[in-house]
Amino acid sequence: MPDCTAPVGVFDSGVGGLSVLREIRQRLPHESLLYLADSAHVPYGEKSPEYIRERCRIIAAFFVEQGAKALVVACNTATAAGVTELRELYPDWPIIAMEPAVKPAAAATRSGVVGVLATTGTLKSARFAALLDRFAADVRVITQPCPGLVERIEAGDLNSVELRVMLQGWVEPLLAQGCDTLILGCTHYPFIRPLLSRLVPRDIRLIDTGAAVARHLGEVLTERGRLADGESSCRFYCSGDPQRMAEVLPILWGEHAEVELFSR
């Protein structure tokens, strides 16, 4: 019998995946969680695919050592670069991945114009191009890379004047071209949803995939008989400065917690 009490491993290039972890905790409150922020290597969006794949291999091996019953790749860029290889390396391990919400955005748009805010790495990936080919043939998709945004959110900046100026510079051209739906194509970006909501008209839809990932994880665990039903715990690891992450956790996670150093 599989060990239902084993934890679920979740990782991102930094603290952005906490937006996904939050959705998992809300939907699956009995699951114990291990979260790893690879902050010494953030942002993945500016790294080469080879570099990201190496980090994915190292982190996946760590979660295997920790006895994780499933892995959630809470990063669109890591999914695009590394999830295919991870599934080849661990064919019997449930690996849940992220990808920008092109399909629901294409279904939601009324104007036929969808904007995508994402990292350079995600937008350049073959996986993203395949998403567009598969789900966005009948809509116009305008992509907007957001350099520097991940770093601001990593620092806990969710509402500064400087951040507001950056977002306006990226969003206003999309709105001017008729965009009525915005995809938040990075797990960091849901944390600035409140600010974005104040910068765009009320009828503009903001879409991300965190809730869908949590739902899919629950389905996979249920199918495999591994859904937990007891007390849960959550442990945090960081390859960068654990103290810095601990200071940001109350802002992004909503709770204080100890952060352990991941030194690989």
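How many aromatic pairs does the count come to? In this predicted model, the count comes to 6 aromatic pairs.

**View A. Phenylalanine 62 and phenylalanine 63 form a tilted aromatic pair.** A pair of aromatic rings is described by the distance of the centres and the angle of the planes. For phenylalanine 62 and phenylalanine 63, the distance is 5.6 Å centre to centre, with 50 degrees between the planes. Both phenylalanine 62 and phenylalanine 63 are buried.

**View B. Phenylalanine 236 and tryptophan 253 form an edge-to-face pair.** The ring centres are 5.8 Å apart and the planes stand at 70 degrees, so the pair of phenylalanine 236 and tryptophan 253 is classed as edge-to-face. Phenylalanine 236 belongs to strand β9 (residues 234–238), whereas tryptophan 253 lies in the loop between α11 (242–252) and β10 (259–261); the pair therefore ties together parts that are 17 residues apart in sequence. The relative accessible area of phenylalanine 236 is 2%, so this residue is buried. Tryptophan 253 also counts as buried, because its relative accessibility is 10% and the cut-off is under 20%.

**View C. Four aromatic residues form one cluster: Phe62, Phe63, Tyr237 and Phe262.** The cluster includes the tilted pair of phenylalanine 62 and phenylalanine 63.

**View D. Helix α2 (residues 49–65) packs with helix α3 (residues 76–89).** The angle between the helices is about 50 degrees, and their axes are 9 Å apart. This angle makes α2 oblique to α3. The crossing in which α2 passes α3 is right-handed. From α2, the residues in contact are Pro49, Ile52, Arg53, Cys56, Arg57 and Ala60; from α3, they are Thr77, Ala78, Ala81, Gly82, Glu85, Leu86 and Leu89. By class, the contact of α2 with α3 comprises 8 nonpolar, 2 polar and 3 charged residues.

**View E. Isoleucine 207 is a residue of strand β8 (residues 205–207).** Its relative accessible area is 8%, so isoleucine 207 is buried. Not counting residues up to four places away in sequence, isoleucine 207 touches Ala101, Pro104, Ala105, Ala108, Thr181, Leu182, Ile183, Leu184 and Arg193. Between isoleucine 207 and aspartate 157, the C-alpha to C-alpha distance is 21 Å, and these two residues are 50 residues apart in sequence.

Methods:
Residues numbered from 1 in each chain as written. Predicted model: local features only at pLDDT ≥ 70, side-chain atom pairs only at ≥ 80, totals over all residues. Heavy atoms only, no water. Axes fitted to C-alpha atoms, helices over the stretch in contact; angles between N-to-C directions. Helix = DSSP H or I, 4+ residues; strand = E, 2+ residues; numbered from the N terminus. Parallel < 35°, antiparallel > 145°, perpendicular 65-115°, else oblique. Left-handed = near helix turned anticlockwise from the far one by under 90°. Contact = heavy atoms within 4.5 Å. Nonpolar A, V, L, I, M, F, W, Y, C, P; charged D, E, K, R; others polar. Phe/Tyr/Trp six-rings, centres within 6.5 Å; stacked < 30°, edge-to-face > 60°. Buried < 20%, exposed > 50% of the residue type's maximum accessible area, 1.4 Å probe, protein only.
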